[in-house]
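Hi,

Here's the structure I promised to pass on. Have a look, and then read on for what turned up.

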Amino acid sequence: MKFQDRSQIEALAKFKSQGNLVTSFYLDTDKGRMSRKEIQLALKNLVNDAKDRACGLSIAKGKLDSLLRDLDRIAGHGSQALGTSNAAGLAIFSATGKDFWQALELPHGPRNRVIFDTSFYVRPLASILDKYSHICALLIGRRESVWYDVSMGEIKLLDKIQSDVPSRVREGGFEGTKEKKIERHIDAHLQEHYKKTAKKTFEISKKDPFDWLFIGSEENHSGDFETHLHSYLRDKVKARLHARVTDSTAKVLQEVSEVESGLKKAEEEEIVQKLITELERGGLATSGLRDTIHRLNLFEVQTLVVTHNYARPGRICPTHKFLYLDELKCPIDDKKTDVVADIVDEAIETVLKRGGTVRQIEPPSKLDRYGGIGAFLMYKAG
């Protein structure tokens with residue numbers, strides 16, 4: 001099953017384990033960056049490490065058996081999926097003891113991990129959703145308009161309309177008077193077509209809300225058309241397309257995806273540049289893993305900016321939940337800190353729990369020069 005929308009996240013979040021442990025599995029399967037052999041090895045190591053962790057848990061034998069069956073099934077499904085799917089990522093949610101299983105193909109490679117908990121770990125799915133916008137692609141021809149819904153790398157036809165717009169003809173007459181009259185008549189029909197298209201676009205936006213509107217116009221009159229759009233929709237226009245109403249859905253999807261990727265990359269570059277500018281002027285920003293975690297422990301972090309899939313092991317205070325790179329004891333209460341497999345993931349979760357925001361940046365980027373992670377601060381502690 002493909003991961004498509006927030007309703008799938010909500011359904012997983014509502015699952016009731018009645019206190020039993022369940023398994024959440026994520027694997028980066030992007031064959032554009034890794035070979036099948038490399039992904040297969042990552043899958044094997046991930047499952048084996050998870051089995052060792054499961055066996056080290058202080059839980060009843062029945063609960064342990066359920067986790068181990070989860071992992072065996074995940075290993076089998078993962079190996080099979082590598083041969084049949086071209087998805088960039090795989091997420092599996094299993095609770096053998098509760099007879100629950102769901103595997104999702106992801107459009108974006110997640111950070112490899114296996115989580116045992118009493119509820120499914122769905123935050124990576126929400127993070128992937130944030131990387132995609134819900135787009136309406138509107139293609140306007142001389143007599144026809146077509147609307148497509150594009151989301152998470154998928155495209156579907158929403159609607160299409162036909163209008164009675166005469167063909168352009170050239171006739172003579174005294175100083176072209178007759179020709180000008182015909183042109184005015186044709187333009188009037190064309191404007192009616194634009195009005196009808198604008199009205200239908202607004203209706204679609206109410207029925208199937210979207211984040212961005214991309215417009216392709218054969219007459220190169222997208223500006224003329226946009227004057228008929230509701231002001232609410234004009235604010236959503238983010239790009240002009242070369243695609244035409246006669247193009248295949250595959251061709252439309254390719255262009256929309258490329259434009260969306262460019263816009264997202266530009267957004268990320270802008271965020272990173274703002275962070276760098278703030279750092280260089282000594283403002284409310286920090287960078288590097290150690291200092292970013294330190295600022296997080298001081299409750300200063302407002303927005304965390306982190307390279308996608310950046311991971312590092314670390315430690316956490318079991319009492320205060322403060323994060324550390326290598327402190328064996330918490331400086332606050334001198335208690336032994338616990339090892340965490342990924343301190344970056346713990347930092348992301350901490351920021352979100354405190355109501356902050358997280359922006360994940362696709363590598364390579366200028367953020368790499370600053371340790372792959374940084375943050376905008378609310379204030380600096382005295």
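Below are some notes on the strands and how they pair. Keep in mind that this is a predicted model.

I'd start with strand 6, residues 144-151. Eight of its eight residues are buried, so the strand is largely enclosed by the rest of the structure. That goes for both faces: Glu144, Val146, Tyr148 and Val150 are buried on one side, and Ser145, Trp147, Asp149 and Ser151 on the other.

Strand 5 (residues 135-140) runs antiparallel to it, joined by six bridges, and Ala137 has Tyr148 as its bridge partner. These two strands make a hairpin with three residues between them. Strand 7 (residues 154-162) pairs with strand 6 too, antiparallel again, over eight bridges; here Trp147 stands opposite Asp159. The hairpin of strands 6 and 7 has two residues between the strands, and Met152 takes a positive phi there, near 55 degrees.

Then there's an open sheet of four strands, in the order 3-2-1-4 with antiparallel pairing. Strand 3 (100-106) and strand 4 (113-117) are its edges, each pairing on one side only. On average, neighbouring strands of this sheet are turned by 10 degrees against each other, direction ignored. Strand 2 (residues 89-95) and strand 3 are joined by seven bridges, with Ala91 opposite Leu104. Helix 4 (residues 123-130) packs on the sheet and touches strands 1, 2, 3 and 4, its direction making about 25 degrees with that of strand 3.

Cheers

Notes:
Residues are numbered from 1 along each chain as its sequence is written. This is a predicted model: local features need pLDDT of at least 70, side-chain atom pairs count only at pLDDT 80 or more; totals for chains, interfaces and linings use all residues. Side-chain values use heavy atoms; hydrogens and water are left out. Buried means under 20% relative accessible area, exposed over 50%, partly exposed in between (1.4 Å probe, protein chains only). Two strands pair if DSSP finds at least two bridges between them. Axes are lines fitted to C-alpha atoms, for helices over the stretch in contact, and angles run from 0 to 180 degrees between N-to-C directions. Contact means heavy atoms within 4.5 Å.
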